[in-house]
Amino acid sequence: MDNNERPGRRREPGPQIRDVAAAAGVSYQTVSRVLNNSPRVRPETRQVVLTAMEQLRYRPNRAAQTLGSGRANAVTVVTANTTLYGYAGVLQGVEEAGRLLGLAVGVRVVESEAAADVRQAVDYVSDPSAGSVVVVAFDPAGAAVARALPEEVPVVAATEAGGLPGAARPMLFLDERQAAAEATRHLLELGHRTVHHVAIPSEARASARQSGWRDALLEAGRAVPEVVAAGWDVASAHRAGRELAADPAVTAILCGNDDTALAVRRALYEVGRDVPGDVSIVGFDDVPGAAFWTPALTTVRMDFQGLGRACVSQLAGEPIVAPQTPHLVVRESTATPR
């Protein structure tokens, strides 16, 4: 046995794509385009890159390769958050589907929508070792990455309902606009004169959830209250809840997600307003604990895991099993107003 092949001895890594780029005097994105047979590479540049590969004895020796694409048999999720329920649900769905297909799954966090942070994320997943890409584009940071990815990178974006204007890439989403309208109509049918809305941040000027709420109120000929904005943090949702709790005319609130509903519920409790006796609350997402609150939360169930699985199926060319349609789950936090 050759000494270099003895068990336990670490082999020196072979040349990587950036080594080829340096030898050819081009960017590693250009090397990636050559590997992907992109028509955007000039013939003379392609030949320089191929010559550098041959001289370095470079081979795309990833664990496995998607046939003919030059990219690793992997999927990388680009996301601005890994803990919020919707983001984590998509990530879970991608991991489940990727595992079944034998794909390695990685995560790249984009820090913000600042140009430098977006560029770092785009550069990272443009490398063939990142494989195919799922971008969670529920916010400006994810949306910016989806819009900036080079055309040769195979990508699917998980977005809010309606997709991303200006992004000519495959997009999948859940119809949360219709679900928000359904939740609003539920409150109106209980006898509430109107429904207030505590909104979470959105990539769009008016989120699909906010638009569905507004649609239902206008359709019913009801007053449309001013939106109360909250951030992703529960402290800002609590402040929004205190604002609404101080108004005795408020009897029904649609919250942008279940965390927001929990904070609003606390604000109402602090001023002695009963849920659902004085104020009905509807959440959004149906987090696992929502059924065990006191009172149990009426909320919209969102199949984020199914959305993540569908994104991987689209990238892999597999038949897509549609995620469960968002729908209202009625529990104890909504009732006829006193």
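This is a predicted model: local features need pLDDT of at least 70, side-chain atom pairs count only at pLDDT 80 or more; totals for chains, interfaces and linings use all residues.
User: How do helices α9 and α10 pack: roughly parallel, roughly perpendicular or oblique?
Analyst: Helix α9 covers residues 234–245, and helix α10 covers residues 258–270. Their axes lie 7 Å apart, at an angle of about 45 degrees. Therefore α9 is, relative to α10, oblique.

User: Is the crossing of α9 and α10 left-handed or right-handed, and which residues of α9 make the contact?
Analyst: The crossing is right-handed. On the α10 side, the contact includes Asp259, Thr260, Ala263 and Val264. From α9 come Val234, Ala237, His238, Gly241, Arg242 and Ala245.

User: By class, how many residues in the contact of α9 with α10 are nonpolar?
Analyst: The contact has four charged residues and three polar ones. The nonpolar residues number seven.

User: What distance separates the end C-alpha atoms of α4?
Analyst: Helix α4 runs over residues 85–100, which is 16 residues. At 1.5 Å a residue, α4 should span 22 Å. The end-to-end value agrees with that: 23 Å.

User: Which elements do the buried residues of α4 pack against?
Analyst: Buried positions in α4 include Gly86, Tyr87, Val90, Leu91 and Val94. Gly89, Gly93, Ala97 and Gly98 are buried too. Their packing partners are β1, β2, β3, β4 and α11.

User: Which residue with positive phi follows α4?
Analyst: The phi in question is near 75 degrees. The residue is Gly102.

Terms used: Residues are numbered from 1 along each chain as its sequence is written. Side-chain values use heavy atoms; hydrogens and water are left out. Axes are lines fitted to C-alpha atoms, for helices over the stretch in contact, and angles run from 0 to 180 degrees between N-to-C directions. Helices (H or I, at least four residues) and strands (E, at least two) are DSSP runs, numbered from the N terminus. Angles under 35 degrees count as roughly parallel, over 145 as roughly antiparallel, 65 to 115 as roughly perpendicular and the rest as oblique. A crossing is left-handed if the near helix is turned anticlockwise from the far one by less than a right angle, and right-handed if clockwise. Contact means heavy atoms within 4.5 Å. Ala, Val, Leu, Ile, Met, Phe, Trp, Tyr, Cys and Pro count as nonpolar, Asp, Glu, Lys and Arg as charged, and the others, Gly among them, as polar. The expected span of a helix is 1.5 Å times one less than its number of residues. Buried means under 20% relative accessible area, exposed over 50%, partly exposed in between (1.4 Å probe, protein chains only).
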